[in-house]
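Subject: Structure handover and findings

Hello,

Here is the structure for your work. Please open it alongside this email.

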Amino acid sequence: MGKRSTNGSGCYRPYKYGGYEYRLQHGYKQNGKPNILTTLGKTKTECREKMKKKLEQITSIPLSIEDCSKITLTELCYKHLNEHLSEKDRLKGKSADRREGTIRNQIEKYPIGKLQVAAVTFQDVNRHIEGLINDSGLSLSSIEKAFDVINSAYNWAISQQMLMVNPCNPIKDKLKHRFSNLEDKHSTDSDIIVLSDEEIEKLKSEAAKLDERGKPIYQYGPGTLFILATALRSGEYCALRLSDWDREAHTISITKTRGISKDRNAKDGEPVYTARENIVKNNHARELVLSEEAEKLLKEICKNSGATNPDDYVQINSEGKPTEPSRFGTDINKIYKNAGLGKDVSGVHILRRTYATIAHENGASTLDIAAYLGDDEKTVIKHYIATRKRIRVGNQTRNVVPLPKHRLEK
C-alpha cells in the first residue's frame, strides 16, 4: 500500500522500475467512483510537479457542452477558480483562498459536489443550502458564499458556451430573501459587542503596563490602544510604515493591508503560505487625522520598534520582522484575558466597533464614522454601532438600551 502524503493530498508508492508513483483523487467518474490521476517520477517532488502540470492542463482546457455536463460540480467550481487565477489581478490571495476553502469545505465534502453538472437540479441546490443553514456551526456568510460559488461557476460555464442551463436561477430570489431574513433574525437576537467604559479602563491599564526597565510588558500593548484610538483594521495596522505618518499634518495614510495567503507559484506540491501586501479597496483607502492620544501612542510604538527610515514598519514582532494580523490578534486576546475582560471579548474588530459606538454617542454622524473606518455607512449602522449597553447589576451583566440623548444643534 502506498504512503499517504500530508494534508490528504494523495499517496506515493515505490515504482517497480525505480522512483515513485504518485496517486491523487480528482473528482469522480460518471459511475460515481473516484477519478484517480497518477504520475511517475524519480523523486516525490518530481511526481508533484508533474501532477501540478497535469491538473493545470485538465482545468484549463475548454470543454464541450457534452463533456462539461459530465464533470462533477466540484470540478466545475475548481475549473472556474483556476480560470480566474490565470487572469492577472483578478483575485487577491485571500479571496482565492476563501473561495478554494468554500469549494473544499462547503461543496466537495457534500453529496452535491459529487453530482455531474448536468444532473444538478434547483431542488438539489436548495436542499444543499438548507442543509448548510441547519448546520449551526456555519456562519451565514459562509453559506451565502457557497451559493455564490455554485451560481458563479454555472454562469461562467454558460458564458464560455460549455453549459446551457444554470440550476440556481429558479431559486436565486428565494434564497436572497431567505438569507436576508436570517440576517435580520440574527441581528435581532444578538448584540453588537463593544467594550463598556469599565472594560476600556481595564484594557488601557493592562495594555500600558511596563516592566522594571520601563519597557512595555506586552509587545503589542501600545498597538492595541492605537487601534482603539484609530479604528484601523489589523491588516492595515500591520502594513503601516513610518512614511505613512505625516508629523506636520498629524495624519496617517491608509493605503495597504497585510495578510497571509497561499503561494500558488510555489514549486513544491504542499501548500505554502506567505505574507502579502495589497492595496486596500477603493473605499478603504484614506488619510486619517490623528487625535493627540493616537499620535502619542504612535510615537511610543515607533520608539519601541526602532523605526527611523521611511520604509520601516511601525509595528514589528519579536524577530524584528513585520507583524502578521493573525499573530497580532492572538496576542491581543492575551491582553483581554489578563485584563479580566469577558469571554465574548476577542479579536481586533471589537476595538473598531467600540470606536464607532463611542463616536456615535458623542454626536458624530454615521457617514463621518464610516469614512474614518473605511467602510460604507450601511455596514457601520448594521454591524458597528451598538444600541445596547452592557451594565453590571450585582453579579450579572446585562445589555440594556439607555435613555436617548438629545443632541443639541451647534
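Below are the ground rules, then the findings by topic.

This is a predicted model: local features need pLDDT of at least 70, side-chain atom pairs count only at pLDDT 80 or more, and totals for chains, interfaces and linings use all residues. Residues are numbered from 1 along each chain as its sequence is written, and side-chain values use heavy atoms, with hydrogens and water left out.

Overall picture

The protein chain has 16 helices and 11 strands. Both are DSSP runs, numbered from the N terminus: helices are H or I with at least four residues, strands are E with at least two. Of the 410 residues in the protein chain, 41% are buried. Buried means under 20% relative accessible area, exposed means over 50%, and partly exposed lies in between (1.4 Å probe, protein chains only). The accessible surface of the protein chain is about 23,700 Å², and carbon and sulfur atoms hold 50% of that. Areas come from the Shrake-Rupley method with a 1.4 Å probe; for residues, only the protein chains shown count as cover. Take the contacts in the protein chain with a separation of 6 or more: 58% of them join residues 24 or more positions apart. A contact means heavy atoms within 4.5 Å.

The sheet

Two strands pair if DSSP finds at least two bridges between them. β5 and β6 run antiparallel and are joined by two bridges. Trp245 stands opposite Ile252 in β6. The hairpin of β5 and β6 has four residues between the strands, and His250 there takes a positive phi near 60 degrees. Thr251 has Val289 of β9 as its bridge partner. For Ser253, the bridge partner in β9 is Glu287.

Helix α10 and what follows

How many residues of α10 (residues 221-230) are buried? The count is 10 of 10. Among them are Phe226, Ile227 and Leu228. Ala231 follows α10 and has a positive phi, near 65 degrees. Arg233 sits in the loop between α10 and α11 (234-238). Arg233 counts as buried because its relative accessibility is 16%. Leaving out residues up to four places away in sequence, Arg233 touches His284, Arg286, Arg352, Leu373, Gly374 and Asp375.

Salt bridges

The structure holds 17 salt bridges. The criterion is a side-chain nitrogen of Lys or Arg within 4 Å of a carboxyl oxygen of Asp or Glu.

- Lys50 and Glu46 meet at 3.4 Å, N to O. Both lie in helix α1 (residues 44-60), four residues apart, about one turn of the helix. Lys50 is partly exposed at 38%, and Glu46 is partly exposed at 28%.
- Asp124 and Arg127 have their closest N and O atoms 2.8 Å apart. Both lie in helix α6 (residues 122-134), three residues apart, about one turn of the helix. Asp124 is buried at 16%, whereas Arg127 is exposed at 54%.
- Arg258 and Glu324 have their closest N and O atoms 3.0 Å apart. This pair links distant parts of the chain, 66 residues apart: Arg258 is in strand β7 (residues 256-262), and Glu324 is in the loop between α12 (292-305) and α13 (325-338). Arg258 is buried at 12%. Glu324 is buried at 16%.

There is also one network, in which salt bridges that share partners join Arg233, Glu236, Arg286, Arg352 and Asp375.

Cysteines

The structure holds zero disulfides. The test is a pair of cysteine sulfur atoms within 2.5 Å. Cys11 counts as buried because its relative accessibility is 17%. Cys68 is buried too, at 0%.

Tyr15

Tyr15 is in the loop between β2 (11-14) and β3 (20-28). Tyr15 counts as partly exposed because its relative accessible area is 30%.

Best regards
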